[in-house]
Amino acid sequence: MSDKEFDVLIVGAGPAGAACAIVLAQTGLSVAILDKAAFPRDKTCGDALSIDVINQLSLLSPVLASSFAEFTRKTSSYGIRVYSPDRAHIDISIDMEGKCGHICKRLDFDNLLVQHLKQLSNIHLFENCAVKKIDQQPHFVALGTEQGIFRGQILVGADGAYSVVSKHLGTIKTERKHYSAGLRVYYEGVSFLNTSHFIELHFLQELLPGYLWIFPLPNNKANVGLGMLSSIVSKKKINLKETLQKILSTDSLLKERFKNARPLENVKGYGLPLGSKKRVISGTRILLTGDAASLIDPLTGEGIGNAIRSGRIAGDHIKNCFSKCDFSATFNIAYDQEIYRRMGGELRLSTRLQHLCKHPKLMNFVVKKANQRAEVKQLLVEGLTKADKKVSLIRPGFYYRLLFK
Ligand SMILES: Cc1cc2nc3c(=O)[nH]c(=O)nc-3n(C[C@H](O)[C@H](O)[C@H](O)COP(=O)(O)OP(=O)(O)OC[C@H]3O[C@@H](n4cnc5c(N)ncnc54)[C@H](O)[C@@H]3O)c2cc1C
């Protein structure tokens, strides 16, 4: 097998890798995107696409955004129902200038992105092509796969939570307090799903600051799962699968709703590398994106929006590398700076909110007050749905108002 030569090598064709490739499609650079899977492929996920994801799609490619708008294999969701540990709840409607969130199986969503990629002439997708070895030389990077050796000027790690590119770069160590464990199982027949397809977040005391979710899918199906900080799972020696089953069969609100529901698969687990710590995400001839760069929101567990955003930023940075003929670690620091300039503020806020969510009494109190007073609810809704208002939720003034007004 002869070696294959490209300008850019991307490992992983999930949202981060696909976004990077789409940005580079306009440049004329030759791009190889390698994935160990063949699409459509499943990815263990909650399948929730926030408004941020839809905005990112529009910025990435209006054609892709309109394909998604016409895509029928998704559920449009107009709000969030948040349950506090005492099992009270609050409904938060989302309808921002006609935009809403969606739930779309990753099997379908990621395949939509990949089908778009296949139409781009300078992007070469290699499926069933697991990267096993990375060899970094002064003037190129080489990848060892069963389909031969791929050489390129620069390598993008978009290969998710268990990234081989990130391991090779060696700058990110897995730390349990900055990592969550997640489970997902598709169900059919869960009763009392909200008619406006609100997603449900159940902040149960034993999971804090994590939560159990129920996200409605088409045809009376639902994505059910939970996410929990790995440091707590390990400290309390929790068996997550048993915990999920126990909650669904014993919780006062859920046991009736799951009495006649049927799991459609075995429970699946996967890691969530959280963006609660700033990392070094580039080196000589290497950039990390998406989960490989640990960019998941620590509060919500959402990572698709930041995966696309970081893939776009990586694509733009690579254009600069080629125009300046500079692939050095020093030059690539500009990539890290741009990532944290655009995402650092929100990741830091979410980290502070994640810490507040460790306190069940505080969560009960906030939900109770928001249900009692329209103005508090308004503040909470804005804080949770508008990025620029989120900061109000960590300000002492918000809690002062709850106590004294
Ligand atoms: C249980 C759970 C629930 C979640 N729920 C949500 C949610 O509801 N909403 C949300 O926004 N985010 C959610 N997330 C986070 C979200 O799934 C990730 O942030 C997102 O998938 C990151 O995209 P990515 O492109 O970086 O990586 P991935 O989507 O993981 O894609 C990586 C790609 O790389 C390929 N790959 C891996 N290794 C190799 C290799 N060695 N060689 C070649 N290819 C390779 C894989 O096959 C895969 O296609 C959840 C995560 C989990 C675990």
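How many nonpolar, polar and charged residues does the shell around the ligand have? The views below take up this shell first and then turn to other parts of the model.

The model is a predicted one, in which local features need pLDDT of at least 70 and side-chain atom pairs count only at pLDDT 80 or more, whereas totals for chains, interfaces and linings use all residues. Residues are numbered from 1 along each chain as its sequence is written.

**View A. The shell around the ligand.** By class, this shell has 18 nonpolar, 13 polar and eight charged residues, where Ala, Val, Leu, Ile, Met, Phe, Trp, Tyr, Cys and Pro count as nonpolar, Asp, Glu, Lys and Arg as charged, and the others, Gly among them, as polar. Of the 39 residues around the ligand, Gly14, Gly46, Gly182, Gly290 and Gly303 come nearest. At least two residues of the shell are supplied by each of helix 1, strand 14 (179–188), strand 17 (221–229), strand 19 (268–273) and helix 9 (304–324), with helices (H or I, at least four residues) and strands (E, at least two) being DSSP runs numbered from the N terminus.

**View B. Domains 1, 2 and 3.** The domain assignment gives domain 1 (4–76 + 102–175 + 275–353), domain 2 (179–273) and domain 3 (373–404), with bounds that come from an automatic or database domain assignment. The centres of domain 1 and domain 3, taken over C-alpha atoms, are separated by 34 Å. Four residues from domain 1 and five residues from domain 3 make up the contact, which is counted where C-beta atoms, placed from the backbone, lie within 7 Å.

**View C. Val23 in helix 1.** Val23 is placed in helix 1 (residues 15–24) and counts as buried because it has 22 C-beta neighbours inside 10 Å, the cut-offs being 20 or more other C-beta atoms within 10 Å for buried, 12 or fewer for exposed, and in between for partly exposed, with C-beta atoms placed from the backbone. Leaving aside residues up to four places away in sequence, Val23 touches Arg312, Gly315 and Asp316.

View D. Strand 5 and strand 8 (residues 101–103) pair in the antiparallel sense over three bridges, and Ser76 stands opposite His102 in strand 8.

How values were computed: Contact = placed C-beta atoms within 7 Å. Near = placed C-beta within 6 Å. Pairing = 2+ DSSP bridges.
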